[in-house]
Amino acid sequence: MEENRVKPFQKFSGTHSYHVDSSLEVQFGEKKGFHSSCKINIEETENEDHTKNWLIEKLEDTPLPSENSFMEILHELEQSSYPVEVKVDEKGVFLNASNHNKNVENWKQKTAGIQEKYQNADLFRNQYLTALEDENIFYRNKLKEPFWNLLLFAPSYVDNGGKTHESFTWNIKGIGDIECTGTIIAEQRDYGFDAFFTSETILPDPIKEEIEKKYLHLAGQYKAELHIQMEYNSPKRHYSKKKADFVLSDGDKILYRETSSII
């Protein structure tokens with residue numbers, strides 16, 4: 001059978017909105033959890049070389065608890081970094097930032113009075129500014145967020161009933177990145193297709209050692225499983241829904257679970 005490789009790309013005419021939900025549950029010793037939700041707006045412009053600029057605005061839905069001033073400061077500094085503008089190729093793969101110097105200047109203006117709200121906020125502001133001014137470091141950190149990875153993940157597939165090989169990078173909070181290599185099974189629909197990415201990975205030794213050092217948890221090996229569900233809308237030429245479930249276990253117990261969705 002001749003392979004028909006479908007190459008979808010993400011195109012956002014005008015402004016497109018997604019609702020983002022993220023949750024994290026860590027069970028190394030004391031159980032800890034976190035949940036957040038927000039809305040992101042994407043405004044697209046096309047360049048002469050067929051690349052595209054995406055202006056991304058992030059609007060919080062869930063209010064931040066007020067009992068932790070340190071987290072409030074970091075939250076406000078992070079929120080003030082939006083909107084951001086990035087350049088992607090036709091498929092929606094990240095290339096680089098656009099107008100980053102303008103973004104830095106806007107951030108400085110937005111956060112100029114933060115020391116009037118929080119004690120010692122200038123220290124954290126200066127640390128954040130150092131990272132922000134280094135474009136490579138700033139976007140490397142941005143792309144660790146699950147919703148950014150999901151937004152930029154626009155896989156193609158072979159329309160022959162078989163499997164397509166892909167990889168996806170997931171950041172384990174406070175530990176490091178792991179490359180999840182797996183396969184996609186796609187089901188053609190009248191309006192587009194549904195795709196299901198599945199990956200099972202044994203953690204490499206450097207990541208395993210970092211877990212054991214941070215959490216004092218010893219295990220023979222750790223296994224990471226990643227499942228992503230996607231719906232591609234052909235008439236609108238973008239993914240209308242993506243959901244990811246990342247699970248880290250030691251063979252007997254789930255130790256880390258993170259889920260994220262953009263709908």
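How many bridges join β4 to strand β5, and in which sense do the two strands run? The legends below take up this point and others in a predicted model.

**View 1. Strand β4 beside strand β5.** Strand β5, which covers residues 84–88, is joined to β4 by 5 bridges, and the two strands run antiparallel. Within this pairing, N53 has K87 in β5 as its bridge partner.

**View 2. The hairpin of β3 and β4.** Strand β3 and strand β4 (residues 52–60) pair in the antiparallel sense over 9 bridges, and E43 finds its bridge partner in L55 of β4. The two strands form a hairpin with 5 residues between them, and in the turn H50 has a positive phi of about 75°.

**View 3. Strand β2 against strand β3.** Strand β2 (residues 15–26) and strand β3 (residues 32–46) run antiparallel and are joined by 12 bridges.

**View 4. The salt bridge of E258 and K173.** Side chains of opposite charge can pair when their charged atoms come close. The structure holds 14 salt bridges, and one of them is formed by the side chains of E258 and K173, at 2.7 Å from N to O. Since E258 lies in strand β13 (residues 254–262) and K173 in the loop between β8 and β9 (176–188), the pair ties together parts that are 85 residues apart in sequence. E258 has a relative accessible area of 5% and therefore counts as buried, whereas K173, with 32%, is partly exposed.

View 5. The side chains of E231 and K241 meet in a salt bridge of 3.7 Å, N to O, which links E231 in strand β11 (residues 223–233) with K241 in strand β12 (residues 238–249), 10 residues apart. E231 is partly exposed, at 26% relative accessible area, and K241 also counts as partly exposed, at 26%. A salt bridge of 2.7 Å, N to O, joins R257 and D245, with R257 in strand β13 and D245 in strand β12, 12 residues apart. R257 is partly exposed at 34% relative accessibility, while D245 is buried at 18%.

Definitions and conventions. Residues are numbered from 1 along each chain as its sequence is written. This is a predicted model: local features need pLDDT of at least 70, side-chain atom pairs count only at pLDDT 80 or more; totals for chains, interfaces and linings use all residues. Side-chain values use heavy atoms; hydrogens and water are left out. Two strands pair if DSSP finds at least two bridges between them. Helices (H or I, at least four residues) and strands (E, at least two) are DSSP runs, numbered from the N terminus. A salt bridge is a side-chain nitrogen of Lys or Arg within 4 Å of a carboxyl oxygen of Asp or Glu. Buried means under 20% relative accessible area, exposed over 50%, partly exposed in between (1.4 Å probe, protein chains only).
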